[in-house]
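Colleague: Can you put the model up? I have a few questions about how it is put together.

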Amino acid sequence: MNAQAAVTSITLPRLRHWPWLVLALITLAIVFIPLPIGFGVPGTYDVRISASQYEFNPGTIRVNQGDQVTIELASTDVVHGLYMDSYDLEITADPGQAATLSFIADKSGTFRFRCSVTCGPLHPFMIGKLNVGNNTLLWRGLALAVLATAVGLWRFRQ
Amino acid sequence: MTRYDLTRIPIAKALLVNRWPQFLVRALALIGFLFAIVAGLGGTPVGSRNFSIVFVWIAWWALLILVAVPLLGRGWCTVCPIPMPGEWLQNRALLGPRGKKPPFGLGRKWPRALRNIWVQNGAFALMALFSAVVLTQPGVTAVLLASFLFLAFGASLIFERRAFCRYMCPVGGFIGLYSQTAPIEVRVRDTAVCAGHTTKTCYTGSEDGFGCPWGVFPGGLVKNTYCGACLECLRTCPLDNIAINIRPVGADLSQPRGRKLDEAFKAFIMLGSAFVYSAVMLGPWGQLKTTAYAIGSLPWLLYVLVFLAFVFVFLPGLFYLSTRVGQLLAPAGRSLPRPFTAYAYALVPLGLAAWIAFSLSFVLTNASYILPVLSDPLGWGWDLLGTAGYSWTPFFTQTIPVAQTLVLVVGLAWAGITARRIAQEGNHPAAWRQAIPNNLFCLLVTVGFLWLFVG
Amino acid sequence: MVIRRLMGEWSARLFLILLIAGLFAAILFGRRTAQAVEIHAVMPERGGWLPGNLTAEVNVPLNLRLISDDVLHGFAVGQQPWPAVDLVPGQMTELTLTFDEPGTYTYYCTRWCGLNHWRMRGTIEVKGEENAPSFTGPGSQPPFMTLGLDLDQPHEVEVDLDRPPSADLGEKLDFTIPTRFATREIYFEETPYQFWQDLREDPGTVSLSDIEIWDLVAFVWQSETTLESLEFGQRLYDQNCAACHGENGDGDGVMAMPETGDYEPEVFGESLMPPGDFTDSQKMLGASTALLQGKIMRGGMGTGMPYWGTIFTDEEIDALIDYIWSFQFPFSNGEL
């Protein structure tokens, strides 16, 4: 009889907090569960990006994770540059002298690339996007957003 | 609700009551402000090498949106130099009151019809339409700053108290709204003490300090929105009844009193402009940027139209639909009065999160301009600190998208909690259902921002 | 207490006044230009070099403070040994030039700063004593004038090549070019087509096919150049010519046709003619080295071709032409 009482007194406090535990587990799962980083077979990807005041053309590039990417930067009006976020790579191209950046897209996700040579007033906003494989950060973010909304709604049911 | 009164700490109270620390910071801020105007007008037109652009739109903006507003609410207003020249003239003093002369100037009351933030709403929206040029041209920034200075000065000569800050400043408009999320507040300790105090020196002034420059009666403060944290009431109250409390974040958002339509629209203006800025300035669509820059052209007029429609019509319209659906979901007779205005306050933490996420990107990628600008603020070839040759290096580009995601998700969760609290004012177990469409609206907006920042 | 207040107020006022005065003093002090000429570089559509005309004196150092107000520019003085200096937007660069000889010098922009980059030039009038030897660019008449060449006349020839002429194969033919052909003047004044015709008519080449004689022409042209000259010429070409004439010499550079928008004469120049295609055999094989040199020096031809006579030294133009010939006669990558 004493043992039974002891068991009841241990389980009750845990019951009160199990929603937070579940929430924490789901959050951790969303943040850390390994997701496929890409569905394509790595190959080579060559692209010519022309840079003008103040856009990259094409502005968005999509490659497979693991691709050998070669970007030929051709400036069409003034000297521009290209800096790749996260990969921390940079090239500069004068009109008439296209520059080449070659790297392996081993990190998956979406990375912004920016102009790295002051090319006029809007230079800090001269931005393009590189999509490598699956954008797992976006998926996780969306899942967390849905979780946040669900939590808010669930908590209402008091 | 736990609150911790900072003024209980003697050294803290002494520092806040003493006018010198605040005056020194204000004076330095004024010098920086004047220098930004001079730099913008006389320095290099290259924004990244001009003190005006780098220190206003990168350094000061970062401090404001990442630190001052979320943590200190109206903390910037405490030291803002814009109203000071006018106020010093009005007060006839730089520090405390000197003698019994009335304030200098006409001392007119602010027009009754404009005693709201609609002027500030309009001013911010107007600035936003020209943002591509303002953020990148030192000369334009300088003219903007100078016009703020002149407006504030003129307002001090014509109107009583700080009319510019309270009713005209576009920055103050959103700082006020977002200060509702801050973990700090200025309140009275005991309203009964105020009731027994006939002279109300916190509002009328005394020999120790000026009556509230913001035209607020501290005894009636329930929200941070219109308290400019100027600390005058701390100095004038003879009954030691003013407290500066550390408090839970967002406490003002669930305060049912004082919810107004102009503030609700401010929330839409901020949310909407953050969205448009994120698309135009941080997106890969170069045509949008050149359109936003081509002031006066037909494409720009179209951009203006779309911007204004999105901010004043589309977003509020969609939100209105969500409140109507919510009313259908709520139990009969239990929906909140004026749900559109009430639920709009859930957009405050969401908007703040969106602005923080937006600012993180361009601040971290361009913060490296601060060092060379410190050495050569005017582009005249100076090298005061030896860093003039420092070249541009973006910081933490790997972490920016992650940080933006986290900030947005936290903002969304906070918005949901706020909506819940607002719904529970309906005082019925099932009243919460009214907030469901609101939460879905916030989710939709967050998804949009996530796609813009990280997609 | 009142006295303290008064003192506090006046010290606050003094502090503020000192701060503001200090600010203005710092700015005025920093504004000293110390006898230097300040030149602002902006995109040519907005003025180019501001100012665009300077004066100096022989042997007196000219102190320059150069700064770009918009995009990346560069500064160099034509036909002078001083290395080019990049002008990063917003960063002041100080330069001191000292001229030995009086005359008119041309400074120009060395980093492409827009469609009209090549127009971005200014002049420095250097005054000296009377009768001093003067630098006025090419002292004597340029060859195309002494030869009476019409730079504007079309120069197509009829040629039918299956493949580009190869200097290597020409060398392997082991044919001794008759000495009357192997002079520098002939190389300079005759077009490759005329040279080919001379060789074709020579009885010694009867056994050779047409294309093999072209190989010989290529070989002769190659002998007139060196590897260093080709590399130098390529560098000059990439920096100055490729934007219009194309990185592959085919006249399709980024500046040649706008990537977006219409081809507006007010913006893109008086003529709608595209830049010369150096891979076009009909035109190139009918041009002599002297003609090419003339076109480079004088420019014009009713197109947007700039004049380089005051910018490039003779050596630079020779190197450029050597490289331009390599579009017709791909010279071997190895040693010559």
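Colleague: Start with the sheet in chain B. What is the strand order, and is the pairing parallel or antiparallel?

Modeller: This is a predicted model, to begin with. The sheet in chain B is open, has three strands in the order β1-β3-β2, and pairs antiparallel.

Colleague: Which strands stand at the edges?

Modeller: β1 (4-5) and β2 (184-188) of chain B. Each has a single partner strand, so one side of each is left without a neighbour in the sheet.

Colleague: How many bridges join β1(B) to β3(B)?

Modeller: Two bridges, with β3 of chain B covering residues 242-246. On that pairing, B:Asp5 stands opposite B:Asn245.

Colleague: What else is in chain B, in terms of helices and strands?

Modeller: Chain B has 21 helices and three strands. Its radius of gyration is 23 Å, close to the 23 Å that the globule rule gives for 455 residues, so chain B is as compact as a globular protein of that length. The C-alpha trace spans about 65 × 65 × 40 Å along its principal axes.

Colleague: What share of chain B is buried?

Modeller: 53% of the 455 residues count as buried. As for contacts in chain B with a separation of 6 or more, 78% are between residues 24 or more positions apart.

Colleague: Now the largest nonpolar core. Which residues touch the most other members?

Modeller: B:Leu271, B:Ala354, B:Ala357, B:Leu412 and C:Val217, out of 240 residues in that core. Helix α18 of chain B, residues 347-366, gives the most to the core, with 13 residues.

Colleague: Take B:Leu412. What does B:Leu412 touch?

Modeller: Leaving out residues up to four places away in sequence, B:Leu412 touches A:Ala145, A:Ala148 and A:Thr149 from chain A. From chain B, the list is B:Leu350, B:Cys442, B:Leu443 and B:Thr446.

Colleague: Back to α18(B). At what angle do α18(B) and α21(B) pack?

Modeller: At about 0 degrees, with the axes 11 Å apart; α21 of chain B is residues 436-454. Angles under 35 degrees count as roughly parallel, and α18(B) and α21(B) are therefore roughly parallel to each other.

Colleague: And which residues of α18(B) and α21(B) meet?

Modeller: On the α18(B) side they are B:Leu350, B:Ala354, B:Ala357 and B:Ser361. They meet B:Cys442, B:Val445, B:Phe449 and B:Phe453 of α21(B). B:Ala354 and B:Ala357 were also among the core residues with the most neighbours in the core.

Colleague: Change of topic. How many residues does the contact between chain A and chain B take from each?

Modeller: 34 residues from chain A and 42 residues from chain B. On the chain A side, β2 (55-57), β8, β9 and α2 (136-154) each supply at least two residues. α2(A) gives the most to that side, with twelve residues.

Colleague: How does β9(A) pair with β3(A) and with β8(A)?

Modeller: β3(A), residues 60-63, and β9(A), residues 127-132, pair in the parallel sense over four bridges. A:Thr60 has A:Lys129 as its bridge partner there. β8(A), residues 109-114, runs antiparallel to β9(A), joined by six bridges, and A:Thr110 stands opposite A:Asn131.

Colleague: On to chain C. How many helices and strands?

Modeller: Twelve helices and nine strands. Buried residues make up 35% of its 336 residues.

Colleague: What are the partners of β9(C), and in which sense does each pair?

Modeller: β3(C), residues 53-57, pairs with β9(C) in the parallel sense over five bridges, with C:Lys127 as the bridge partner of C:Glu57.

Colleague: Which residues of β9(C) are on the covered face, and which on the uncovered one?

Modeller: The covered face of β9(C), residues 121-127, has C:Gly122, C:Ile124 and C:Val126. The uncovered face has C:Arg121, C:Thr123, C:Glu125 and C:Lys127. In a regular strand the side chains alternate between the two faces of the sheet.

Colleague: Last one. What is the order in the four-strand sheet of chain C?

Modeller: β2-β1-β4-β7, an open sheet with mixed pairing. The edge strands are β2 (49-50) and β7 (93-97), and each pairs on one side only. β4(C), residues 62-68, runs antiparallel to β7(C) over five bridges, with C:Asn63 opposite C:Thr96.

Notes
Residues are numbered from 1 along each chain as its sequence is written. Chains are lettered from A and ligands numbered from 1 in the order in which they are written. This is a predicted model: local features need pLDDT of at least 70, side-chain atom pairs count only at pLDDT 80 or more; totals for chains, interfaces and linings use all residues. The radius of gyration is taken over C-alpha atoms; the globule rule is 2.2 Å times the number of residues to the power 0.38. A residue is buried if 20 or more other C-beta atoms lie within 10 Å of its own, exposed if 12 or fewer, and partly exposed in between; C-beta atoms are placed from the backbone. Two residues are in contact if their C-beta atoms, placed from the backbone, lie within 7 Å. A nonpolar core is a set of buried Ala, Val, Leu, Ile, Met, Phe, Trp, Tyr and Cys residues joined through C-beta atoms within 7 Å. Two strands pair if DSSP finds at least two bridges between them. Axes are lines fitted to C-alpha atoms, for helices over the stretch in contact, and angles run from 0 to 180 degrees between N-to-C directions. Angles under 35 degrees count as roughly parallel, over 145 as roughly antiparallel, 65 to 115 as roughly perpendicular and the rest as oblique.
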